[in-house]
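User: I am new to this one and would like a walk through it. Could you put it up first?

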Amino acid sequence: MELGEWSQISILTVQINRLRRWYRCGLLCIGDAAHAMSPAGGVGINLAIQDAVAAARILAGPLQKRNVPAAALAAVEKRRTLPTRFTQAIQLAAHRGIVRVFENPGTIRAPWQLKAAMRIPGIQRAVGYAVGIGVRPEHVRNERAAGSVRLRLSTVIFAGLGIASVAVALGWTIWKALKNSAVSGAIPSKSRAA
Ligand SMILES: Cc1cc2nc3c(=O)[nH]c(=O)nc-3n(C[C@H](O)[C@H](O)[C@H](O)COP(=O)(O)OP(=O)(O)OC[C@H]3O[C@@H](n4cnc5c(N)ncnc54)[C@H](O)[C@@H]3O)c2cc1C
């Protein structure tokens with residue numbers, strides 16, 4: 001497609017902002033709808049997905065009961081506010097750094113603190129992990145799987161208790177039998193001595 005005039009293009013604005021409240025009765029905003037993220041760090045989509053996972057976990061139960069109180073929606077906002085604020089603060093700091101880079105006409109040198117930090121063994125891997133996983137990782141908790149793990153654990157405990165009881169009973173019986181045979185074996189020797 002050939003561009004004929006400037007109105008055919010649109011500027012993709014970069015924003016960093018947050019809603020004062022992410023929910024109202026029957027509505028919950030997550031991802032960029034609740035907190036617009038900038039491209040800095042390439043983490044906006046991570047937060048959007050983590051919001052969705054947290055929302056699914058917190059709201060699945062109330063949704064199944066067809067009763068989603070405002071408190072449940074507030075719980076999603078409460079859980080996701082800290083990672084959002086933290087990540088946006090980092091993005092703002094990155095923006096200030098990028099602005100300084102563009103404002104500097106000469107050769108750019110990395111500050112000594114950054115150079116020193118980059119020499120710490122494993123730091124790059126750790127930073128990559130921190131960026132990828134974020135401040136508050138979210139996991140899909142499969143209640144059915146958790147239930148089967150609980151079931152397996154209880155089976156192991158009961159089986160262990162059963163085996164232990166049988167072992168104690170068997171040991172007691174063998175010990176008694178050995179003791180009895182020792183006593184009965186002693187009588188003839190005594191009688192022989194007599
Ligand atoms: C220039 C730029 C570059 C970026 N680069 C990165 C990057 O490299 N990595 C990264 O992780 N993040 C990046 N981000 C941030 C990232 O794009 C967002 O944080 C992320 O896309 C948010 O996901 P979302 O699902 O909440 O919203 P969106 O991705 O915006 O998805 C919302 C969807 O809803 C649709 N929609 C809107 N209104 C309606 C409607 N009425 N009915 C039906 N559908 C509707 C939209 O078309 C859109 O598909 C960048 C942001 C910008 C501005």
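User: Thanks. How much of the contacts with a separation of 6 or more comes from residues 24 or more positions apart?
Analyst: Such residues account for 60% of the contacts in the chain with a separation of 6 or more. Two residues are in contact if their C-beta atoms, placed from the backbone, lie within 7 Å. Please note that this is a predicted model, where local features need pLDDT of at least 70, side-chain atom pairs count only at pLDDT 80 or more, and totals for chains, interfaces and linings use all residues. Residues are numbered from 1 along each chain as its sequence is written.

User: What secondary structure does the chain have?
Analyst: The chain has five helices and four strands, and from the N terminus on the order is β-β-β-β-α-α-α-α-α. Helices (H or I, at least four residues) and strands (E, at least two) are DSSP runs, numbered from the N terminus.

User: And what share of the residues counts as buried?
Analyst: Of the 194 residues, 11% count as buried. A residue is buried if 20 or more other C-beta atoms lie within 10 Å of its own, exposed if 12 or fewer, and partly exposed in between, with C-beta atoms placed from the backbone.

User: How many buried residues are there in helix H4?
Analyst: The count is zero among the eleven residues of H4 (residues 123-133), so this helix is hardly covered. Just after H4, Gly134 takes a positive phi of about 85°.

User: Let us move to H1 and H2. At what angle do their axes cross?
Analyst: The axes of H1 (residues 44-64) and H2 (residues 70-103) cross at roughly 160° and come within 9 Å. Axes are lines fitted to C-alpha atoms, for helices over the stretch in contact, and angles run from 0 to 180 degrees between N-to-C directions. The two helices are therefore roughly antiparallel, a term for angles over 145 degrees.

User: Which residues make that contact?
Analyst: On the H1 side they include Leu47, Ala54 and Ile58, and on the H2 side they include Ala72, Val76 and Pro83. By class, the contact has ten nonpolar, three polar and three charged residues. Ala, Val, Leu, Ile, Met, Phe, Trp, Tyr, Cys and Pro count as nonpolar, Asp, Glu, Lys and Arg as charged, and the others, Gly among them, as polar.

User: What is in the loop between H1 and H2?
Analyst: Arg66 is placed there. Its phi is near 55°, a positive value in a residue other than glycine. Arg66 is exposed, with 6 other C-beta atoms within 10 Å.

User: Now the ligand. Which residues come nearest?
Analyst: Of the 13 residues around the ligand, Gly31, Pro39, Gly42, Gly44 and Ile45 come nearest. A residue is near a molecule if its C-beta atom, placed from the backbone, lies within 6 Å of it. The shell divides into eight nonpolar, four polar and one charged.

User: Is Gly42 buried or exposed?
Analyst: Gly42 is exposed, with 11 other C-beta atoms within 10 Å. Gly42 lies in the loop between strand E4 (35-36) and H1. The C-alpha atoms of Gly42 and Gly132 are separated by 9.0 Å, although these residues are 90 residues apart along the chain.

Key
Angles under 35 degrees count as roughly parallel, over 145 as roughly antiparallel, 65 to 115 as roughly perpendicular and the rest as oblique.
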